[in-house]
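Subject: A structure to look through

Hello,

I am handing over a structure that I would like you to look at alongside my notes.

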Amino acid sequence: YVVIILGALLARLWDLGSRAIHHDESLHAFYAWSFASGHGYEHNPMMHGPFQIEASGLIFRMLGDSDFTARILYVIAGTILVGMPILLRKRLGSLGSLFSSVMLAISPTMLYFSRFARNDILMAVWTFGLVIAMWRYIDEGKPRYLYISAGILALAFATKESTYVITAILGGYLFLGMVIRSWPSIR
């Protein structure tokens with residue numbers, strides 16, 4: 001896993017600042033720069049949630065502003081995503097979680113969005129985190145997974161509106177699972 005995660009990080013960092021900034025990236029970078037420069041941030045729904053602006057603004061304050069640093073948050077998120085299947089070893093098996101990490105590391109789509117200053121990769125991390133917490137809670141029943149889910153949901157809602165759809169889908173899965181398990185009692 002260490003080799004896979006380090007390889008994924010290197011692939012995401014390689015020549016990161018050389019590509020021209022895309023229009024969406026420029027908006028996120030501009031508002032993050034404005035926030036980091038002390039001009040404040042007033043939420044506008046066009047920018048989705050404030051998380052990426054504030055987190056990128058923090059990175060700008062710490063590392064300076066450039067095309068490279070505008071994309072660091074997304075590189076970190078994409079690298080975290082590659083390591084997340086390790087948390088599902090009980091469900092996927094050791095080999096299954098390892099292959100999942102490899103596929104996330106080398107996927108052209110995941111690589112692209114891990115190097116692109118938009119909230120897509122952030123939402124992938126939040127969604128996968130919710131799935132992991134949900135399955136761990138189902139398997140172990142420990143309340144900490146509910147708290148983790150609440151934290152992830154807060155971050156997801158602060159990132160993008162698609163969280164409503166994701167919540168409905170995962171809630172529907174849980175509801176159907178409950179109905180199927182309880183069906184003999186219901187009948």
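By class, the lining of the largest pocket is made of ten nonpolar, three polar and no charged residues, where Ala, Val, Leu, Ile, Met, Phe, Trp, Tyr, Cys and Pro count as nonpolar, Asp, Glu, Lys and Arg as charged, and the others, Gly among them, as polar. Before going further, please note that this is a predicted model, in which local features need pLDDT of at least 70 and side-chain atom pairs count only at pLDDT 80 or more, while totals for chains, interfaces and linings use all residues. Residues are numbered from 1 along each chain as its sequence is written, and side-chain values use heavy atoms, with hydrogens and water left out.

To stay with the pocket for a moment, the term stands for an open set of points, on a 1 Å grid over the protein atoms alone, where a 1.4 Å probe fits and where there is protein on both sides within 12 Å along at least five of seven lines; lining residues have an atom within 4 Å of a point. The largest pocket has a volume of about 250 Å³, a volume being the space filled by probe spheres set on the points, which are joined across faces, edges and corners. Its lining has 13 residues, and L130, M134, S149, L170 and L174 are the ones nearest the centre. Helices α8 (120–140), α9 (144–157) and α10 (163–186) each supply at least two residues of this lining, and α8 gives the most, with five residues.

As for the chain as a whole, its secondary structure comes to ten helices and zero strands, where helices (H or I, at least four residues) and strands (E, at least two) are DSSP runs numbered from the N terminus. The C-alpha trace spans about 60 × 40 × 25 Å along its principal axes. Of the 187 residues, 37% count as buried, that is, under 20% relative accessible area, with exposed meaning over 50% and partly exposed in between (1.4 Å probe, protein chains only).

Helix α6 (residues 89–106) deserves a careful look. A straight helix of 18 residues would span 26 Å at 1.5 Å a residue, whereas α6 spans only 20 Å between its end C-alpha atoms; the expected span is 1.5 Å times one less than the number of residues. Where is the kink in α6 centred? It is centred on L95 and comes to about 75°, the bend at a residue being the angle between axes fitted to the seven residues ending there and the seven starting there. The buried residues of α6 are S97, S101, L104 and A105, and they pack against α1 (2–13), α5 (72–83), α7 (108–113) and α8.

S56 is found in helix α3 (residues 51–63) and counts as buried because its relative accessibility is 4%. Leaving aside neighbours within four places in sequence, S56 is in contact (heavy atoms within 4.5 Å) with A32, A70, L73 and Y74. A55 also lies in α3 and is buried, with a relative accessible area of 15%. L9, in helix α1, is partly exposed, since its relative accessible area is 28%, and, with neighbours within four places in sequence left aside, L9 is in contact with V75 and T79.

With best wishes
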